[in-house]
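I opened my notebook for a walk through this model, and here is what I looked up along the way. Have the structure open beside you as you read.

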Amino acid sequence: MAITEVKDQTRITVSHLGRHEVLQFNAKGEELWTIGWPQESGKYESKNQFRPTAVAIAPDGSIFVADGYGLSWVHKYDAERNYLFSFGGPGTERGKMRTPHGLAMDTRGKEPSLIVCDRENSRLQTFDMDGKCTGVYKENLRRPCSASIWGEYLAVADLAGRVTILNQKFELLGHLGDNPDPKKRAVNGVPLEQWKNGEFLSPHGISWGSDGSLYVQDWNRLGRVTKLKRLN
């Protein structure tokens, strides 16, 4: 999900797994537009192969869509939703991906950069706006699912039971809620009575609040969202 401001109007852009498309809404929840499966890319035989899990909006309004549960491509569209190109694709080499589950637009540097949570390769990758890989980061990561930026901080929801905080250089600042029991990590069916406050099970989504609070969504059959309050 990407929340942006267009002419002082809030826009919420989401990927829809079941509908195989990307949608944008206004703050009232009214649908503004959709982008269907990327037939122009030549990567798919049918829309059912396209299963998007993330979207990011660049400062110029261009749109990046990650096919995290499909064929592991990232597709770029211009601000008018015209298809431009695709990059990534399945593999373990630099620039390739295995389940690009999450995206984050990084505007902390001189030029914008796209952060891709390359989950099943256990790494983050960064790309410029032309789809060129500019960095690969594997340290301190297990199965990164999604990422969110607040100020200089990058928070990563790691499906394998913790949240990781990195700085602008992708250096470790700390882990939060690291589950000490590997049998409970990335497991959908952990019984409610085994949950513990302060310990994550399967962090799947993450977002900073404007005050520096952190909201973490656990993947499990009952659903859980945890709020972490910034203390200083």
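**Entry 1**

Is S72 buried or exposed? I looked up its relative accessibility and found 7%, so S72 counts as buried. A note before I go on: this is a predicted model.

I had picked S72 for its backbone. Its phi is positive, about 65 degrees, although the residue is not a glycine. S72 sits in the loop that runs between β6 (63-66) and β7 (73-77).

I then turned to D8, where phi is near 65 degrees, again a positive value in a residue other than glycine. I found D8 in the loop between β1 (2-6) and β2 (9-16). Is D8 buried or exposed? Its relative accessible area is 73%, which is over the 50% cut-off, so I wrote D8 down as exposed.

K7 is in the loop between β1 and β2 too. With a relative accessible area of 78%, K7 is exposed. I also took a distance from K7 to R123: the two residues are 116 apart along the chain, and their C-alpha atoms are separated by 36 Å.

**Entry 1: the two domains**

Next I checked how the chain is divided. The domain assignment gives domain 1 (1-112) and domain 2 (139-231). Their C-alpha centres lie 23 Å apart.

How many residues of each domain are in contact with the other? I noted nine residues of domain 1 in contact with 11 residues of domain 2.

For the interface itself I went to buried area. The size of an interface is often given as the accessible area lost when the parts come together. Here domain 1 and domain 2 bury about 710 Å² between them, and 54% of that is on carbon and sulfur atoms.

I looked for salt bridges between domain 1 and domain 2, and the count is zero. Polar contacts are another matter: six residue pairs are in polar contact across this interface, with both residues of each pair at pLDDT 80 or more. Sorted by class, the side of domain 1 that touches domain 2 has four nonpolar, three polar and two charged residues.

**Entry 2: salt bridges elsewhere**

How many salt bridges does the structure hold? I got nine, and I followed some of them up.

I started at E120, whose side chain meets that of R119 in a salt bridge of 2.5 Å, N to O. The side chain of E120 also meets that of R143 in a salt bridge, here at 2.9 Å, N to O. This second pair links distant parts of the chain, 23 residues apart: E120 is in the loop between β10 (113-118) and β11 (123-127), and R143 is in the loop between β12 (133-137) and β13 (144-150). R143 is partly exposed, at a relative accessible area of 27%. E120 counts as partly exposed as well, at 24% relative accessibility.

R142 came next. R142 forms a salt bridge with D178, and the closest N and O atoms are 3.0 Å apart. Why does this pair tie together separate parts of the chain? R142 lies in the loop between β12 and β13, and D178 lies in the loop between β16 (172-176) and β17 (203-208), so the pair joins parts that are 36 residues apart in sequence. D178 is partly exposed, with a relative accessible area of 31%.

I also noted that R19, E21 and E31 are linked in a network of salt bridges.

I went back to R119, the salt-bridge partner of E120. R119 lies in the loop between β10 and β11. Is R119 buried or exposed? At 10% relative accessibility, R119 counts as buried.

What does R119 touch, leaving aside its neighbours within four places in sequence? My list reads Y69, R98, T99, H101, R142, R143, P144, C145, L159 and H204.

Definitions and conventions. Residues are numbered from 1 along each chain as its sequence is written. This is a predicted model: local features need pLDDT of at least 70, side-chain atom pairs count only at pLDDT 80 or more; totals for chains, interfaces and linings use all residues. Side-chain values use heavy atoms; hydrogens and water are left out. Domain bounds come from an automatic or database domain assignment. Contact means heavy atoms within 4.5 Å. Buried area is the accessible area (1.4 Å probe) that two parts lose on being put together, summed over both. A salt bridge is a side-chain nitrogen of Lys or Arg within 4 Å of a carboxyl oxygen of Asp or Glu. A polar contact is a pair of N or O atoms within 3.5 Å; within protein, one must be able to donate a hydrogen and the other to accept it, and residues adjacent in sequence count only if both atoms are side-chain atoms. Ala, Val, Leu, Ile, Met, Phe, Trp, Tyr, Cys and Pro count as nonpolar, Asp, Glu, Lys and Arg as charged, and the others, Gly among them, as polar. Helices (H or I, at least four residues) and strands (E, at least two) are DSSP runs, numbered from the N terminus. Buried means under 20% relative accessible area, exposed over 50%, partly exposed in between (1.4 Å probe, protein chains only).
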